[in-house]
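Morning, everyone. Let me put the next model on the screen and walk you through it.

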Amino acid sequence: MKNSIQVKGLHKSYRELHVLKGVDFEVEKGSIFALLGSNGAGKTTIVKILSTLLKQDSGEATVNGFDVISKPDNVRQSISLTGQFAAVDDVLTGRENLVMIARLRHLDNPRQVAEDLLTRFGLIDAADRKSSTYSGGMRRRLDIAMSLVGNSALIFLDEPTTGLDPEARIEVWKIVKELADNGTTVFLTTQYLEEAEQLADRIAILHEGKIIVNGTLAELKKLFPPAKVEYIEKQPTLEDIFLSIIGKK
Amino acid sequence: METIKNYYFRDMGVMLGRSMRHVSRSMDTIITVTIMPIALMLLFVYVLGGAIQSGTDKYVNYLLPGILLMAIANSIGYVSFRLFTDIQRGIFERFHSMPIARSAALWGHVLTSLVSNIISITVIIIVALIMGFRSPAGVLSWLAVGGILALFTLTLTWIAAIAGLSAKSVDGASAIAYPIHFLPLISSAFVPTKTMPAGVRAFAENQPVTSIVETIRALLFNQPVGNTIWVALAWCIAIMIVAYFFAMRVYKRRK
Ligand SMILES: Nc1ncnc2c1ncn2[C@@H]1O[C@H](COP(=O)(O)OP(=O)(O)O)[C@@H](O)[C@H]1O
Ligand SMILES: [Mg+2]
């Protein structure tokens, strides 16, 4: 099995709003895949379908070799989801949050798992404080740490850095890179072109219900020949490519 | 899948432990469901009790069943509130994307409601005993009382679940509590219905809380329960089934 995710002809509507109009893409095992799209493009909808929270209207989606409709339990067994808004239990401490997830994943030593993750994510000093007292960056780190409990082969990160300050954003990037170095497949959505450029092996742009571009950063740059300006050759940024493709430039 | 079934009760235990912490760490919840009913019991017995003609020699004996129902009714707004915040914060989505039975998250809340009410009711009964409450009832009668209280709790819990699962705002989620708070007040929980004006009396005598209160009183004081127990059970079971059905429908439609 070469691909962690395989999506073909995905359609999804909310009542009369047709959000996904035939989405196709593949995510290679062990890679970081960035799904890029503006607000309301349908990124979260795709994440929810792939993590079995939502059913597509038509089309096929396979995650770690399991069909999301017919084998949802197997899919859930093999993924972790970090949703768009940090899903931590505010009443519990950081440690209790992690222990809870470790118990629900039926691990042998929940306390040790929690301790290790708290250390790794720089949360050990705040471990026994209610997570409602955490800063945005700390909450996000705890949220991601909760998704790492149990070492799933594939992790979904839905806009992991939206709303974070630059410093916290760089910390999250470091975490994502480490994950990929350890062989975890990362499916990431973002509105930030720079984020995709920084992290992703492959970038797909979702626009008006379809994937309009899908390739490596190098491939994407080739689509857009460098602009010649007098005597300096200017490399297009991903932003230029994006804006040019969706026709806003 | 096999493993999910095997772990069902263990997972539910984790869910229960988690939301029991939400109860025990909320001073507001503890005050409303335990301290306030106790304060009311003190108020009624030591301030108003002398003036109320309950027809029993000790007013606390007359009052306790109503106080217990009131404590349960007071807890119900918090059930919706906890459910609502779990959904809004994305906690349910996190659980639903994990290999856990879908219903475990919801049943965790139902179980929490049951367990936290058992605790607060036990505390209230202990205080009542200190205040001089005495009952000649045997073990079987007490068990029946426990069963009816549990049924009443479950009935209200499933009503609360509908509100918590479908509300659009926190206020909406907790609003369900207000009409429920009133039911014990307009019943025979605190005073006999015979002194009430006709319209109010008709409502009081025919609403569910009165039949439940009367049944519990009869059981506690070894009086014949007659038809009242069946009326009480019918109310609870019928409302519970309807509420459960609607709650499940909302729950399934959410995802
Ligand atoms: N449950 C829903 N009901 C109705 N419309 C929805 C629902 N969820 C999302 N939408 C709409 O679908 C579109 C895509 O949403 P979403 O997948 O969240 O986009 P993104 O994550 O890319 O910002 C948006 O226009 C959004 O308003
Ligand atoms: Mg989104």
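**The A–B interface**

Start with area: chain B and chain A bury about 2600 Å² between them, and 57% of that is on carbon and sulfur atoms. Keep in mind that this is a predicted model. In residue terms, 25 residues of chain B are in contact with 31 residues of chain A.

Now the charges. How many salt bridges does the rule find across the interface of chain B and chain A? Six. Here is a pair to look at: Arg94(B) and Asp143(A). Their side chains meet in a salt bridge, at 2.6 Å from N to O. On polar contacts, the rule finds twelve residue pairs across the interface of chain B and chain A, both partners at pLDDT 80 or more.

Which elements of chain B give two or more residues to the side that touches chain A? Three helices of chain B: H1 (2-6), H2 (8-24) and H5 (91-96). H2(B) gives the most, with seven residues. By class, that side of chain B has ten nonpolar residues, ten charged and five polar.

Next, the annotation. An unreviewed UniProt entry lists "transmembrane region" for chain B at residues 30-52, 64-85, 106-133, 139-163, 175-193 and 229-247. Let's check two of those spans against the model. Residues 139-163 of chain B are 100% helix and 0% strand, with the end C-alpha atoms 36 Å apart. Residues 106-133 of chain B come out at 89% helix and 0% strand. There the end C-alpha atoms lie 37 Å apart.

That's my part. Over to you.

Key
Residues are numbered from 1 along each chain as its sequence is written. Chains are lettered from A and ligands numbered from 1 in the order in which they are written. This is a predicted model: local features need pLDDT of at least 70, side-chain atom pairs count only at pLDDT 80 or more; totals for chains, interfaces and linings use all residues. Side-chain values use heavy atoms; hydrogens and water are left out. Contact means heavy atoms within 4.5 Å. Buried area is the accessible area (1.4 Å probe) that two parts lose on being put together, summed over both. A salt bridge is a side-chain nitrogen of Lys or Arg within 4 Å of a carboxyl oxygen of Asp or Glu. A polar contact is a pair of N or O atoms within 3.5 Å; within protein, one must be able to donate a hydrogen and the other to accept it, and residues adjacent in sequence count only if both atoms are side-chain atoms. Helices (H or I, at least four residues) and strands (E, at least two) are DSSP runs, numbered from the N terminus. Ala, Val, Leu, Ile, Met, Phe, Trp, Tyr, Cys and Pro count as nonpolar, Asp, Glu, Lys and Arg as charged, and the others, Gly among them, as polar. UniProt positions are given in the numbering used here, feature names are shortened, and annotations may be inferred rather than shown by experiment.
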